[in-house]
Amino acid sequence: MALTLYVDTARWRAHHKHVQEQFPGLVPVCKGNGYGFGHERLAEEATRLGADLLAVGTTYEAARIKDWFGGDLLVLTPYRRGEEPVPLPDRVVRSVSSIDGVYGLVGARVVIEVMSSMKRHGVSEQDLPQLHQAIENVRLEGFAIHLPLDRTDGSDAVEEVIGWMDRLRAARLPLHTMFVSHLKADELARLQQQFPQTRFRARIGTRLWLGDHEATEYRGTVLDVTRVARGDRFGYRQQKAASDGYLVVVAGGTSHGVGLEAPKALHGVMPRAKGVARAGLATVNRNLSPFVWGGKQRWFAEPPHMQVSILFVPSDAPEPKVGDELVAHLRHTTTQFDRLVDY
C-alpha cells in the first residue's frame with residue numbers, strides 16, 4: 001500500500017534518445033531528488049545513454065553518485081573558499097564563478113561560469129583580464145553560461161551567448177568547450193555553426209527526464225474508506241462533514257511531498273485569478289488535493305498527514321474501495337515515492 005511512481009520505461013527511454021539526438025554532446029543533469037526518480041536510477045539511465053559526463057547539484061550529491069556513475073561528474077554549485085571539504089575523486093569537475101574561486105582550486109579540473117542575464121553567479125567581463133594568470137594553475141574544462149527560462153524583454157538567448165563568446169575570445173581565453181543551459185535545439189545548432197572550433201554542450205535535466213509527461217504517473221493506494229453523514233465530526237481537528245460522502249485514506253502525505261508546493265511565477269490575468277480563488281478557498285479550509293477519483297481532483301478533508309492524506313469524496317461519486325489506486329498530479333522535483341514500478 002504505497003505512493004507509486006509508474007514509468008512506461010520504453011516510452012521514457014525513447015524520449016531520452018530523442019533529446020540526445022537533438023543535443024549532441026548532451027550532459028544529463030541529476031540533482032536534488034533526482035527529478036523524482038532518485039540519483040541511482042538517473043545515474044543508471046545516464047550510463048545507458050553513453051554519457052561521459054553527468055552534472056550534479058552539490059559536492060554532497062557527487063560523493064553519493066560517484067559510486068553509481070563511472071564517468072566524470074560536474075558539480076554545478078560554484079566552489080567557495082571555506083566550504084566544507086568533501087573527499088571526491090579526480091573525475092569530479094568543479095564549477096567556479098569568481099577569480100578567487102579559481103585560485104582556491106589549484107590543480108583541480110574546473111568549469112568557469114560567466115555571469116548571464118540571470119544575475120545569479122558568474123565571472124564578469126571586468127574579471128576576464130585576471131583569468132589568464134588564474135587558469136595557469138587549474139585544468140580548465142571549459143566555460144559555462146546558465147540562461148534564464150523566460151525572456152520577457154524579447155531578447156535572444158543565442159545573442160547573449162554570442163556576446164560572451166566574443167568577450168572571451170577578445171580576452172584571448174581558451175574556447176574549446178562552452179557548457180550551456182536552457183537553449184533550444186535549433187539555437188544550439190546556430191551557435192555550433194557560428195563557432196565550429198568550440199564544442200557546445202547542453203546541460204539538460206527537466207527536458208530530458210520529465211519532457212514526456214505521458215511516460216510517468218503517480219498513484220496512491222486507498223488504505224481505508226469510511227462513510228460519513230453531513231455533520232459528522234472527523235479528523236485531528238474534529239471538523240464537521242459538509243455533506244454525505246466518504247472519507248478516503250490514501251497513501252501519500254507530507255513526507256512524500258503531498259501538499260507541499262513550490263512558488264510559481266504567474267503570467268496573465270487568468271492564472272492570477274485562479275491563484276486568488278485558491279487562496280480564498282484555503283481560508284475556509286477548502287484545499288484541492290492532487291488525487292483524482294471519478295474523473296475529478298478531490299478535496300482534502302483536512303491537511304495531509306505525514307504519510308497519508310484524507311480526502312472527501314461526495315456520495316454522488318463512485319465509492320472507492322481499499323486497494324484502489326488514485327492518480328496523483330504531483331511535481332516530480334518535490335515528490336518522494338515509496339516505490340517505482342517499470343512497465
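Q: How many salt bridges are counted between domain 1 and domain 2?
A: The count is 1 salt bridge. The term covers a side-chain nitrogen of Lys or Arg within 4 Å of a carboxyl oxygen of Asp or Glu. This is a predicted model, where local features need pLDDT of at least 70, side-chain atom pairs count only at pLDDT 80 or more, and totals for chains, interfaces and linings use all residues. Residues are numbered from 1 along each chain as its sequence is written, and side-chain values use heavy atoms, leaving out hydrogens and water.

Q: Which side chains meet in a salt bridge, and what is the N to O distance?
A: Arginine 41 and aspartate 342, at 2.8 Å.

Q: How many residue pairs are in polar contact across that interface?
A: The rule finds 6, with both residues at pLDDT 80 or more. A polar contact is a pair of N or O atoms within 3.5 Å; within protein, one must be able to donate a hydrogen and the other to accept it, and residues adjacent in sequence count only if both atoms are side-chain atoms.

Q: Where do the domains run?
A: Domain 1 is 8-210 and domain 2 is 216-342. The bounds come from an automatic or database domain assignment.

Q: How far apart are their C-alpha centres?
A: They lie 38 Å apart. The contact (heavy atoms within 4.5 Å) takes 8 residues from domain 1 and 10 residues from domain 2.

Q: What area do the two domains bury between them?
A: About 810 Å², with 53% of it on carbon and sulfur atoms. That is the accessible area (1.4 Å probe) the two parts lose on being put together, summed over both.

Q: Which residues in domain 1 lose the most area to domain 2?
A: Asn33, Gly36 and Phe37. Together they give 45% of what that side buries.

Q: Where is histidine 182 placed?
A: In the loop between strand S8 (177-181) and helix H7 (185-194). Helices (H or I, at least four residues) and strands (E, at least two) are DSSP runs, numbered from the N terminus.

Q: Why does histidine 182 count as partly exposed?
A: Because its relative accessibility is 35%. Buried is under 20% relative accessible area, exposed is over 50%, and partly exposed is in between (1.4 Å probe, protein chains only).

Q: And what about phi at glutamine 238?
A: Glutamine 238 has a positive phi of about 55 degrees. It sits in the loop between strand S11 (233-234) and strand S12 (239-240).
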